[in-house]
Amino acid sequence: MRTLIKNGRIVTAADDYMADILIEDGRIAAIGHNLAAENGLETHDASGLLVLPGGVDVHTHLDSESATSHTVDTFASGGKAAAFGGTTTVVDFCNQIRGGSLPASLEAWRKRAACTPIDVGAHMIIVDFGPSTAAEMERLMTEEGVTSFKLFTAYPGALMVDDGTLLQAMRAAGRHGGQISVHCENGHIIQMLVAEAVAAGNLAPRHHMLTRPPVAEGEATQRVIALAEVTGTPLYIVHLSARQSLEAVAGARRRGLAVHAETCTHYLFLTDAEYDRPGFEGAKVIMSPPLRAAEHVEALWRGIAAGDLSAVSTDHCPYTFAAEPYGAKHSKRAGGEAFHKVPNGAPGIEERLHVLYSGGVAAGRISPSRFVDLTATAPAKLFGLYPKKGTIAVGSDADLVLLDPEERWTIRAADGHGRMDYTLFEGFAATGRIKKVFLRGAMIVEGETWHGREGGGQFIARGPSGRM
């Protein structure tokens, strides 16, 4: 199939210009002025619209199960929501089955991901580093295109690993072009504070935030950077939320270390005041790290301006607020109403581009090119997807988003396209709206019309990670 997009304003991380785009066999075949609209050529007029690379979200938890809960979005529903939000590729987290091999865990994840309507890659979460784990990591990197691994310094007894395990994983990843991603919070500090809060009967959602202080995130970030400095392995700090963590990352980058970090949309636009919602409503914002005070929000924006934050992801870990229609296990009700038992995570896969464009570009905080870099190009580069994904260039996949930069509208959960019954951005007055989305040249979104299909996405084997 051949497709022509005419008269658009093309924005990449490096350029901003007017041109036409010719698509052949799912890839960009030509970019130029006055490309001819031949007979039989599917043509789309992008006059007045921005033409952007499809978004790349490198932090999602679709169809993911824990001991007591299960995220509500499947790859089909979450992928559809992502597409309506302009994201055409996600790199999702595959959980190692404790006691099981990494390849077996990946195989199970790929079966769940087979229904995706957008393209997907996988990170591997390591919770159990045994005698064969290093060899299994090598196999994933060299044979499966899984070149990033995530470990936790939080959740003792469940996901948390010690410094020795982190060092082993870093060395194994570094030998074969891999990158280590880390959830940085000091699990022992949090465990003590949670136990004290529960013993005192302080169970409301606000205590989730109070028991996960910024210092716990900052300490863990500093420690993990030190381990990465010893091994020389590229390091990626996920969902950075606190000023202390940002300062640690900025210092490492000034020393020339291969350290990068992401933040998430909600940390840029929401504060810890959200935990003061009445009753159980504060459970909607129980995620880790928690939302922070306004001083941290402003620090994150400074980090974006300085280049110390490389990407904006979502950490889409969706649980409905109500137990029905999908069941309590898929909802914030799975653990009752005590903050430490509420499933930990929040949605955002559909809202990311709209909220960041409106609150970043339209508000004058970032340029259109910086917006593209944060949401597509830098994530693609850091996780071995570039230039196949993340840019508009001859030979790249024709993953394209047409966005009206002037349209004003309001974000409502009722208008979403996944399984969520709430959004963190209910009532957000947005400027800029996505009109069409193309995946490898095929239009999958047209206004409110869905043209995609379950299983229409592809698994993307990625190249080396951690390189810009």
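Student: Which side chain makes a polar contact with the side chain of Asn186?
Tutor: Quick caveat: this is a predicted model, where local features need pLDDT of at least 70, side-chain atom pairs count only at pLDDT 80 or more, and totals for chains, interfaces and linings use all residues. Numbering runs from 1 along each chain as its sequence is written, and side-chain values use heavy atoms, leaving out hydrogens and water. A polar contact is an N or O pair within 3.5 Å; within protein, one atom must be able to donate a hydrogen and the other to accept it, and residues adjacent in sequence count only if both atoms are side-chain atoms. At 2.9 Å, the partner of Asn186 is Glu219.

Student: Is Asn186 buried or exposed?
Tutor: The cut-offs are under 20% relative accessible area for buried and over 50% for exposed, with partly exposed in between (1.4 Å probe, protein chains only). Asn186 has a relative accessible area of 12%, so this residue is buried.

Student: How far is the backbone nitrogen of His188 from a polar atom of the Asn186 side chain?
Tutor: Asn186 also touches Thr153, Ala216, Ala220 and Arg223, among others, not counting residues up to four places away in sequence; contact means heavy atoms within 4.5 Å. The His188 nitrogen lies from that side-chain polar atom at 3.0 Å.

Student: What about His44: which side chain does its own join in a polar contact?
Tutor: His44 is buried too, at a relative accessible area of 6%. Leaving aside neighbours within four places in sequence, His44 is in contact with residues including Thr3, Lys436 and Met443. At 2.6 Å, the side chain joined to that of His44 belongs to Glu42.
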